[in-house]
Number of protein chains: 2
Amino acid sequence: MADKLPSRSEDFSEWYNQLVLRAGLADYGPARGTMIIEPYGYALWENIQAYLDKRFKEYGVKNAYFPLFIPQSFLMKEAEHVEGFAPQLAVVTIGGGVELEEKLIVRPTSETIINDWVSKNIHSYRDLPLLLNAWNNVVRWELRTKLFLRTSEFLWQEGHTSHATFNDADQFALAMLQVYKDFYETQAATPVIDGKKSEAEKFAGAHTTYTLEAMMGDTRALQSCTSHNLGDNFARAFGIQYLDRSNELQYVWQTSWGLSTRSVGGIIMVHGDDKGLILPPRLAPTQVVIVPIYRKEVEQARVMEAATRLKKDLNHFRVELDAREGLTPGFKFNDWELRGVPLRVEIGPKDIEKNQVVLARRDSGEKMFVPIEELLPTVHQMLDNIQDSMFARAKRFQEENTYVVDTYAEFKQRTAGEGGAGFLLAHWCGKASCEKSIQEETRATLRVIPFDAAKEKGACIFDGAESGQRVVFAKAY
Amino acid sequence: MADKLPSRSEDFSEWYNQLVLRAGLADYGPARGTMIIEPYGYALWENIQAYLDKRFKEYGVKNAYFPLFIPQSFLMKEAEHVEGFAPQLAVVTIGGGVELEEKLIVRPTSETIINDWVSKNIHSYRDLPLLLNAWNNVVRWELRTKLFLRTSEFLWQEGHTSHATFNDADQFALAMLQVYKDFYETQAATPVIDGKKSEAEKFAGAHTTYTLEAMMGDTRALQSCTSHNLGDNFARAFGIQYLDRSNELQYVWQTSWGLSTRSVGGIIMVHGDDKGLILPPRLAPTQVVIVPIYRKEVEQARVMEAATRLKKDLNHFRVELDAREGLTPGFKFNDWELRGVPLRVEIGPKDIEKNQVVLARRDSGEKMFVPIEELLPTVHQMLDNIQDSMFARAKRFQEENTYVVDTYAEFKQRTAGEGGAGFLLAHWCGKASCEKSIQEETRATLRVIPFDAAKEKGACIFDGAESGQRVVFAKAY
């Protein structure tokens, strides 16, 4: 706590690494690439889970649990799928003291093991749609760890659904993408661009991958979730058929969709500042912290009593009273600012006399006196206000760092250097070879083909071939 | 659905296996020993989680997440611990395509990896108590699978706490045992016997293991949770020390406590009957099912409209309307009885005329007419009533199958044969050798040294040595 955080503008990466550790969000696990999610970080994840779980269930999605261990042969059944994941697998070769006959893969995702079960549980059109979700841990081997963003094990939810038609599946994949968008915009105060991935960037085994891209505070992009229309790829690989109303066998059409603890990293990188985290009120584990202020011991009892009463008044919110002894108010202010608590209530002997408190906003630093009888409605209104301001600020930042780029010279100039390049709106002809060359030459990747781009004729930024709309390129995490 | 379940009294084991599969609670995973928890079983687990999570948090426990993979060297640090778990480990030897330098153990429990983190995060008495819990999956290799009861992977919560004194830790371990007892008695309608384990049966690395034992429907015992006072064993192994108020270094005192998806198996085995599950109302995923009854198509619209209105009236409960077409009411009754839904509401054309419904209790089979305007309070009262009756019935069963045994001849006679032996209250001198011999000769194990046993002098059932109280022996899962 003694040292200051590295400056966000000077060294964004180190600012992030230090902040995650110091704010008590996460720590490095002992096995390479693993992460410990500490109580404060996990509480944030619990709030994310609560929102999403409720939304999924409104669509009739049911939670289930599928095994951690996948027989190697299962993963091989869908060719693109195994090719995509092979380099990232962790493999169990010993169980109960003996060498296993068939090696077990620690799940990198559960398409194969879920579809084996689905194949036995779908018989007729009456069984459709089958809407499943699992909250679990998955493992994808990583050598360079970045907490929340790139770890060998992470937590997520993975939804897996089966439908009677291609169109039903496609609509459902899009509906879940909208749930994620609602989550980012209304809960995480994070503007996102929705659209689809190019063929090169789509999920191994998908027909179409839909995604949300968000801009971090260094103007890099973060893929914030994915929702896949799997077509009938896994249905054919696993023989998942149903009898339709005409009593004919048909393959099902499927989706899968996931959002992970990576989202916590996004929230840190979108909103934080040089003092630490700034958490959106709807997700903050602590929404309001009360800091009692007294200099002499004679004041302590009276102030603590008033502060305890305040805590009770505010128990509709996620509120904490910082009763730690032997720490100065200044130390406590810094500590709660580091942890990004949206609102701070200060109360001291003079405030008690005047029947008021001081209210301080984490996002703007603004401080104001509030009469105690107006505290409850003021806190309520202020939290909404902070939530809205945070979204508006992030939206403005994203817009200010989005560039319409028409020449490859400008594209190269904008992507030169080590930092982020913002979102670059450029024409692309659709060829994977152009996409690959751009990436190799500039380290910018095609993040998303946005849904709401204007239909506008243009020339591919790389080879000049015809293009029907602009896409988003960026340097990404 | 066509075949009847095996009879519970004739083949309890096969009745259980079939019931778990047919009721849609769980299925076998493709890798040996693994389990798929299907949506209905998982919904039950979610209700268990919701109750426990709330109770833990009332004690100030915070959730966190620790890595799945534990370096082999960590597990070796506590000698008893590694010895206890060595035969059950799953080992990752390949990661990202290469042979690992240090093998990784898939966690069988997280004492070691959590205590490594704890050792870095406790400095002074101000950091105590440190109260952590994790909801996760663990792996303990099993060759003979029994769904929910014995699987290589299972879900659970594991609490881990650190305290300033032995006594603080002991009190906390007992407080968590009481939370579990409250859960079993008030939610799972299951009477339990609380007490401690013998030295032979305690957790590998614990000072004392507390436990709850419940009697299943075949009179076998099921260990329903454990709560360990770990003493300072792990604190010494991991060097977890704090500065006390006199500025002297002290080792912390610790607990760990867990309840797993095994509890779902217990609920099935305590309450089910030949028709299927009987779920306690407080945990049932569906508390009330509405079955519309119509013979002709002309009746259908009117009945469905009334049934839909009923569902809305009852939306305070977890209610489902069985609107499946092409299935007879009789088929639906059997189906929901198999799935153990506590209350069934039947509504047909005659009921609509009379402004009534038929209410049927799953536990007793009792049916009654209820005027629609009295339905809401009646359902409320009936669910409480069922919950209480289920507990009372299980309690009576436990008492009827508990025997005071004073001679080893009677002990052997009661434990002869393949079935359960009930709870045998017998004197035991405290020697591990007697305990071991009894187990070898009778297959009954010492389940629990009950807290509330009368202090009564007696002679050890095996060797006649002096004993101060009776303990509970049983054949167990």
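In this predicted model, K367(A) is partly exposed, with a relative accessibility of 48%, and its side chain forms a salt bridge with E346(A), where the closest N and O atoms are 3.2 Å apart. The pair links distant parts of the chain, since K367(A) belongs to strand β19 of chain A and E346(A) to strand β17 (residues 343-347), 21 residues apart. E346(A), for its part, is buried, because its relative accessible area of 6% falls under the 20% limit.

Another salt bridge in chain A joins R362(A) and D273(A), with 2.7 Å between the closest N and O atoms. R362(A) sits in the loop between β18 (356-361) and β19 (367-371), and D273(A) in the loop between α8 (262-271) and β15 (288-292), 89 residues apart. Here R362(A) counts as buried at 7% relative accessibility, whereas D273(A) is partly exposed at 24%.

Turning to the two chains together, chain B and chain A bury about 4000 Å² between them, 65% of it on carbon and sulfur atoms, and each contributes 51 residues to the contact. Across this interface there are two salt bridges, and the side chains of K57(A) and E46(B) meet in a salt bridge at 3.2 Å, N to O. On the side of chain B that touches chain A, strand β5 (residues 90-95) supplies the largest share, six residues, and the residues of that side divide into 30 nonpolar, nine polar and 12 charged.

The largest nonpolar core has 144 residues, and those with the most contacts inside it are F69(A) and F69(B). Beyond its neighbours within four places in sequence, F69(A) is in contact with residues of both chains, among them V92(A), L104(A), A31(B) and W141(B).

Conventions:
Residues numbered from 1 in each chain as written. Chains lettered and ligands numbered in written order. Predicted model: local features only at pLDDT ≥ 70, side-chain atom pairs only at ≥ 80, totals over all residues. Heavy atoms only, no water. Core = buried A, V, L, I, M, F, W, Y, C linked by side-chain atoms within 4.5 Å. Buried < 20%, exposed > 50% of the residue type's maximum accessible area, 1.4 Å probe, protein only. Contact = heavy atoms within 4.5 Å. Buried area = accessible area lost by both parts, 1.4 Å probe. Salt bridge = Lys/Arg side-chain N within 4 Å of Asp/Glu carboxyl O. Helix = DSSP H or I, 4+ residues; strand = E, 2+ residues; numbered from the N terminus. Nonpolar A, V, L, I, M, F, W, Y, C, P; charged D, E, K, R; others polar.
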